[in-house]
Amino acid sequence: MIIAPGKALLINSNGTVDLNNRPLRLQSDASGTARIGQIFGTLTPSTATNVIVERFIPAKASRAWSLVTSPVGQLLNAGWQQQVHITGAGTGGTACPGILAANSNGFDPTVTNAPSMFTYNASNTTGNRWTALANTNATSTAAGTGFRMSIRGPRSLGCALLDGTPSGLIPAAATLSATGTISNAAKNLGSFTIDYPNTGTNNYVLIGNPYPSQISFSTLVADNIANMGNNYAIYAPGNTAGNYAYWDPIGGTYTGGNTGLVNAIGNIIASGQAIFVRAQPVSTLTLSFNEAQKTATTPTGYFRTTNFNEMVRIAYMLDDTNKADEIIVRYSNDARINNTTIGQMDIESMNAGSQYLTSSKGTKAMAVQTRSLKTLQTDTVALNVISSQNGTYKLSFSDYENFTAANIYLLDKYNNSTTAIKDNPVYSFTVDRTIAATQGQRFALVFAKAIVPQAIIAGIKMYPNPANKNLTIELPITEGRYTVRITDVTGKQVFQNQLAGGVQAINISKLAQGNYVVEITDTKGNRAVEKLVKQ
């Protein structure tokens, strides 16, 4: 029996499908992937042993990792390795060019024997959780097991994929195929649980979709709300820095993704897809799966979408078109939000490569962080930017159009400069690896109360500017007095006094170097605002 790409084997209530031990092939290509839909009736025999599950992998612009899984178990050398090359450390084989013979442990040999497939164990110490496969002769795919895999293209392209030929460095489309059993015992049919090794709360754990069908992530979360966080992470397709993208079900958006990630289908976990989820327990993560998690279309979802009007998206640009990373800082009026600890509206960053960007929440590096709306007008958020290469890069700001309650400033501690983001949404900066201060926590986002336009006091003069020790202000002569208030870029008040009209001197020698705002208000509420630079 063959189920064509995009079609489904459906068994309705009181219905029966008898495979009679015939092979069942679920085909996959660029148009879609076949699936076994939610079973309401009976699939016989209860253990279907000749089910062939395909997973189409599209071409990529450059070599990048894919997070993959298979709903059926089969040794790699008999399954996936029949369609694509799998490489790793080994001996005994013959590398390209020439006659290609496998190494004794099953790997396809290359000059370097660099591993192309890894497993992940969240119970290992940080930095030791990815483990290269030891062989393909004794390693099996299994429902729920996730792998990190470099898929170069189909084996039919031969040595061009392995010997460094330029054309072989651009991955071609390929289709993975594995043959195995569909049954409850195999944990890919009906209801079951799968255990994933883990040590420590809030760790990211790699899991695979165990069903030969797409599933709803929000339904999976609803069934495991006590054990897992409500977001997931995957490698971002086309990301030149090899960073992750994060699905945020509360905001209904991907963060950090380049091409290939569409918000409308972010809630769908495809057949053959592996993802990272956050473990809530401090030890083994146990997840429950059931047929109701299968879906044919994008569902409404367990989590409703929340609109965050007060948010800003920051992209770390390698040049005008290539994005290394992306983060979000946003505000919500929700009593559960804490500005120093991670909550359900936050996503911790997994990125730790050569070039990435995070914000800081307490001691954690964040991809998405949600902060209390109560602190919006006096808040500062540290940014951490990393680059392993010297060069000029850009921070590009967007999605701040509805940010009306506060002004947004970028503080560059290295250049000692402050930039108004709404007026300058792209900021260029240079990294010099010999100078530590040019990266790391060089930047901070500063949110300050927006100044509401009122009647402007005319005739005010303020000098010198920049100033060092003393600031002179000339105020129009009037019967009343003026309130003169100086604040820093965070909105913190550093000076306030009542001054009469005329020439007045203010001692600013104790102020730190930087940018300030001088606000002058008369008794009628009229005001004037001047920028001050303290040297």
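Four strands line up in an open sheet in the order E10-E13-E11-E12, with antiparallel pairing. Strands here are DSSP runs (E, at least two residues), numbered from the N terminus, and two of them pair if DSSP finds at least two bridges between them. At the edges sit strand E10 (65-68) and strand E12 (130-132), each pairing on one side only. On average, neighbouring strands of this sheet are turned by 30 degrees against each other, direction ignored; the axes behind that angle are lines fitted to C-alpha atoms, and angles run from 0 to 180 degrees between N-to-C directions. This is a predicted model, in which local features need pLDDT of at least 70 and side-chain atom pairs count only at pLDDT 80 or more, while totals for chains, interfaces and linings use all residues. Residues are numbered from 1 along each chain as its sequence is written, and side-chain values use heavy atoms, leaving out hydrogens and water.

Back at strand E10, four bridges join it to strand E13 (residues 147-150), and the two run antiparallel. Ser 66, for instance, has Met 149 in E13 as its bridge partner.

Searching the whole structure turns up one disulfide, meaning a pair of cysteine sulfur atoms within 2.5 Å. The pair is Cys 96 and Cys 159, with sulfur atoms 2.1 Å apart. It ties together distant parts of the chain, 63 residues apart: Cys 96 lies in the loop between E10 and strand E11 (117-120), and Cys 159 in the loop between E13 and strand E14 (174-182). The torsion about the S-S bond is about -75 degrees, so this disulfide is left-handed. Cys 96 counts as buried, at 6% relative accessibility, whereas Cys 159 is partly exposed at 23% (buried is under 20% relative accessible area, exposed over 50%, partly exposed in between, with a 1.4 Å probe and protein chains only).
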